[in-house]
Amino acid sequence: MKTEIEKPQQTEQVQSVTLTKSDNNKLIAFTFFKSLIAIVCFLFYSLVMMIVVYPTFASGYFETLGLNKASITVAEREYKRTNGMSELYNLISLCVSLEDNAKIETYASAMLSEKNFKDFATIVDKSAVQKSALNAVAYVYSYEDYLTNKIITSKYVQNKKSGAIAFAVNAVLKEVSSALYVPVKLIMFDNSLTSIEKETKMKEFYETKINGKSIFQLIATNSGIFEENIEGQKVATKLYLYNCEMNVQEGLYYYSYTKWQNASDTDKPALKTGYQKIQTNINELQAKYDALLR
């Protein structure tokens, strides 16, 4: 007789779990923080990749966000990595834009010291002239003038005033036109100086001797030399030469005006005639300059 063995019944017991409100909140919070950490990691990775792959874009992006130090740091890192003049050019432009005078002095000086600076400056000047023609805006500096101007100004603003004047004197020796007026302009608008002190410091600058001749004498000897070279030049060159002459005259105007301020009543009429004559010269140069832009 066949006996059937009855299999025991398997009973599935399902445990019912009921989450409390507190448990729900913890789960939501945990999920949120996991997602947040993932997003932060992704953003950090993206930021690092952007800095490495697109440093120029990253630097500009930080500048847009107002993260000035970060933007300069990225630009500095890229320049040090490549040691390229184009990267140095971008770094200087950024430092000027953000008015970081210490770094302007450092990197503008580095640019002027580059072995191939003259060739690079020629490329910059040509590019600037082409862009200014497209925008109907005058290109008034050579890149060397521009950098010299920025170094003198940055030194002066950092209270390295004697160093700024010494640098300007050295630049005059190299025939950099902006060096003939930038120091005087800085002195003129230095609110820490009295009128007498301004006159004294301007006089000291102009009487500084270079190769046996004072800057005053050099200006007198070469008076109008920029204008004399105008004929036959291209428009961009004419604009530059007119601007050079106006630079020289502007510096002389500031000095003459300051002398008039400090003069006795007896001497004032003659000195007033003197600085007014210089102002007339500047106005005439400006008119010729403006006519070229029409």
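Confidence in this predicted model is lowest in helix α2 (residues 55-64), at a mean pLDDT of 45, and highest in helix α5 (residues 101-113), at 96. pLDDT is the predictor's confidence in each residue, from 0 to 100. Helices are DSSP runs (H or I, at least four residues), numbered from the N terminus. The chain average is 77, and 68% of the residues score at least 70.

Residues are numbered from 1 along each chain as its sequence is written. In this predicted model local features need pLDDT of at least 70, and side-chain atom pairs count only at pLDDT 80 or more, while totals for chains, interfaces and linings use all residues; side-chain values use heavy atoms, without hydrogens and water.

Residues 40-63 stay under 50 in pLDDT; the model gives them 27 contacts beyond four places in sequence. Contact means heavy atoms within 4.5 Å. Residues 134-138 are also below 50, with five contacts beyond near neighbours in sequence. Where pLDDT is low, the predicted coordinates should not be read in detail.

**Helix pairs**

Two packed helices are described by the angle between their axes and the distance between the axes. Axes are lines fitted to C-alpha atoms over the stretch in contact, and angles run from 0 to 180 degrees between N-to-C directions.

| Helix pair | Axes come within | Crossing angle |
|---|---|---|
| α7 (residues 143-157) and α8 (residues 161-173) | 7 Å | roughly 160° |
| α4 (residues 85-97) and α5 | 9 Å | roughly 150° |

The angle makes α7 roughly antiparallel to α8; that term covers angles over 145 degrees. α7 passes α8 in a left-handed crossing, meaning that the near helix is turned anticlockwise from the far one by less than a right angle. Thr148, Ile151, Ile152, Lys155 and Tyr156 of α7 touch Lys161, Gly163, Ala164, Phe167, Ala168 and Ala171 of α8. By class, this contact has seven nonpolar, two polar and two charged residues. Ala, Val, Leu, Ile, Met, Phe, Trp, Tyr, Cys and Pro count as nonpolar, Asp, Glu, Lys and Arg as charged, and the others, Gly among them, as polar.

α4 and α5 are likewise roughly antiparallel to each other. Their crossing is left-handed. On the α4 side, the contact includes Met85, Leu88 and Tyr89; α5 contributes residues including Lys103, Ile104 and Tyr107. By class, the contact of α4 with α5 has 12 nonpolar, no polar and one charged residues.

**Salt bridges**

The whole structure holds six salt bridges, each a side-chain nitrogen of Lys or Arg within 4 Å of a carboxyl oxygen of Asp or Glu. One joins Lys155 and Glu105 at 2.9 Å, N to O. Lys155 lies in α7 and Glu105 in α5, so the pair ties together parts that are 50 residues apart in sequence.

Notes: Helices (H or I, at least four residues) and strands (E, at least two) are DSSP runs, numbered from the N terminus. Angles under 35 degrees count as roughly parallel, over 145 as roughly antiparallel, 65 to 115 as roughly perpendicular and the rest as oblique.
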